[in-house]
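Dear colleague,

I am handing over a structure to you with this email, and I would be glad if you looked through it before reading my notes below.

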There are 2 protein chains.
Amino acid sequence: MTIQRPYLLFLGDAHDALAAKTAIGVWYWRPEHCVGQLRLPGCVPRLAAPELDLAAAVAAGARTLLIGVANRGGKIGEAWVPTLVEALDRGLDIASGLHVRLSSVPEVAEAAKRNGRRLIEVREPGREFPVANARPRSGHRLLAVGTDCSVGKMYTTLALEREMRARGMQADFRATGQTGIMIAGEGVPVDAVVSDFIAGSVEELCPANDPDHWDLVEGQGSLFHPSFSGVSLGLLHGAAPDALVMCHEPTRTHLRGLPHWPVPELAECLELHLHCARLMNPKVRFVGMAVNTSALSEAEGQALLASLQDTHGLPCVDPVRTGVEPIVDVLQS
Amino acid sequence: MTIQRPYLLFLGDAHDALAAKTAIGVWYWRPEHCVGQLRLPGCVPRLAAPELDLAAAVAAGARTLLIGVANRGGKIGEAWVPTLVEALDRGLDIASGLHVRLSSVPEVAEAAKRNGRRLIEVREPGREFPVANARPRSGHRLLAVGTDCSVGKMYTTLALEREMRARGMQADFRATGQTGIMIAGEGVPVDAVVSDFIAGSVEELCPANDPDHWDLVEGQGSLFHPSFSGVSLGLLHGAAPDALVMCHEPTRTHLRGLPHWPVPELAECLELHLHCARLMNPKVRFVGMAVNTSALSEAEGQALLASLQDTHGLPCVDPVRTGVEPIVDVLQS
């Protein structure tokens, strides 16, 4: 699944920044892949990107209209449809991570067919994968794992990619979720892969590479989240990482989606991940911890990071507040 | 997915017992659900069941023609097609676990439509499942796990069901693979479920039940098989077992399908399964080990079982040679 670049970011009639988080993420991590933004009347968030209509975006070279807005329920807004149809008529593909499929809107499906354009549904794997072969492969791989879902695994791997590239290292973010796929322009939505092929799909996502190259694989779920642990273990074994980063949100009172379920202890979480990862690579190690301290004051956040670093003997960072340099230092050491 | 009973077992033109292993399994474990067998010219294996043509089977009450034979490549034999069409014309459903789908054979698809009969593809989940809710539920559950794929998990759970029912205990085999589903007449092919819903599908397979009731859940793969570990962990967390049985084949030199991969150490395998299962149920325990000693002599097999029992402190049985009584004794203790 590859999304043609560059993109025109579609913000629709988003009411707030949360609704436009995909567009914000793509613009933040890949501004060089975006010609600009398209906002409909009533749209509140605004990126620091050129505002372009469809004609201007096509003139600027846009190949894909990327839907960077999420409605409640993952629906396609009725107000968007004329713009989506016009985009297809002007020769753009459309990429969407919404729950409701582009192809389910008759006008959009017809316009795509009429123009021979692609409707890229990033929630769908789009193809079949092999069973994992578990063969050793060259190149290094780092996997972001977590104590829970939505604790910053994607942000952490993207921040590592940016820092490593700035240091001249070979590093590629490998996306496993819909927002990550929109940012990377490719990837595998592992939670939508048939379960027999989870690890196989991840082997294809991060294949053999140069000996000095790092694939930075976006994790999903947690070995300790009973709803999604199968995805997490398949991803861990398919990625066969050399390095792990533990991602954590310290103020969470229960696992996401499970109000009755405690967040696991960090020490136990580190240990089980290592235990399972050693099946693929006896030398695997944790190279750091990425903690989302945004709910804490600056001082509280710093104190927590220092305390965790002391307890676990790993560089502990907040990728947003402190950056990830100490983790990259470990990778280079 | 429920297959209507009773069945007519279709052996096709099977050349040997291995090709007819599904029919043999259904007849062995559920003779009371079978009116008889249908063999085509050239069929070698023969069950101790009545040989019936389609008219006689319908007269005997058959509801479903169950394809109990597997060709190389999971194909549907050309010689079978007239029989399949006639079965549908006579009002039977057809159930198949073959890789090639019944619905892909035009004559069969048309006959099903014409007669309003069902083509039940047991490799397909057939419906959507929820994300697991991980709520505690009443009733007991036992899960068969393993050091590898194809080490007797299905046979072990079926043998436990038979023994427990013979003792008057409430027990139901819960099928998670295609042969198991053919035997049980229902189940979930977990390896075909989309990965986000593995655990959720297993929660539905073995829901809350009477406090004295045991669900005996067929395991799949192994936490130590890197191709399928995600399925195994999702199944473990979805089943939330009270009791585990470790299944093992002691003469295997490598994991199935991975000639370069060693079989895990039993002690490590027991420990990791317990570790992961405790997330759902801190009281979970191993209640025995089921070892396939068929490649050993009777004396060697007995010696191995005694040795394993001594090392691991668990009842160690060969379900075929010794039966599973010692494991049921533990469940009753």
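**Helix packing and the contact between chains**

In this predicted model, helix H7 (residues 198-205) of chain A and helix H8 (residues 229-239) of chain A cross at roughly 40°, and their axes come within 7 Å. The crossing in which H7(A) passes H8(A) is right-handed. On the H7(A) side the contact involves Ile198(A), Ala199(A), Gly200(A), Ser201(A), Val202(A) and Glu203(A), which meet residues of H8(A) including Val231(A), Leu235(A) and His237(A). Sorted by class, this contact of H7(A) with H8(A) has 6 nonpolar, 5 polar and 1 charged residues.

In chain B, helix H5 (residues 153-166) packs against helix H11 (residues 325-332) at an angle of about 60°, the axes being 10 Å apart, and H5(B) and H11(B) are therefore oblique to each other. H5(B) passes H11(B) in a right-handed crossing, where Leu160(B), Glu163(B) and Met164(B) of H5(B) meet Glu325(B), Ile327(B) and Val328(B) of H11(B). The residues of this contact divide into 4 nonpolar, no polar and 2 charged.

Turning to the two chains together, 29 residues of chain B are in contact with 29 residues of chain A. Which helix gives the largest share of the side of chain B that touches chain A? That share, 6 residues, comes from H8(B), while H7 (198-205), H8 (229-239) and H9 (266-277) of chain B each supply at least two residues of that side. By class, the side of chain B that touches chain A has 19 nonpolar, 8 polar and 2 charged residues.

With best wishes

Methods
Residues are numbered from 1 along each chain as its sequence is written. Chains are lettered from A and ligands numbered from 1 in the order in which they are written. This is a predicted model: local features need pLDDT of at least 70, side-chain atom pairs count only at pLDDT 80 or more; totals for chains, interfaces and linings use all residues. Axes are lines fitted to C-alpha atoms, for helices over the stretch in contact, and angles run from 0 to 180 degrees between N-to-C directions. Helices (H or I, at least four residues) and strands (E, at least two) are DSSP runs, numbered from the N terminus. Angles under 35 degrees count as roughly parallel, over 145 as roughly antiparallel, 65 to 115 as roughly perpendicular and the rest as oblique. A crossing is left-handed if the near helix is turned anticlockwise from the far one by less than a right angle, and right-handed if clockwise. Two residues are in contact if their C-beta atoms, placed from the backbone, lie within 7 Å. Ala, Val, Leu, Ile, Met, Phe, Trp, Tyr, Cys and Pro count as nonpolar, Asp, Glu, Lys and Arg as charged, and the others, Gly among them, as polar.
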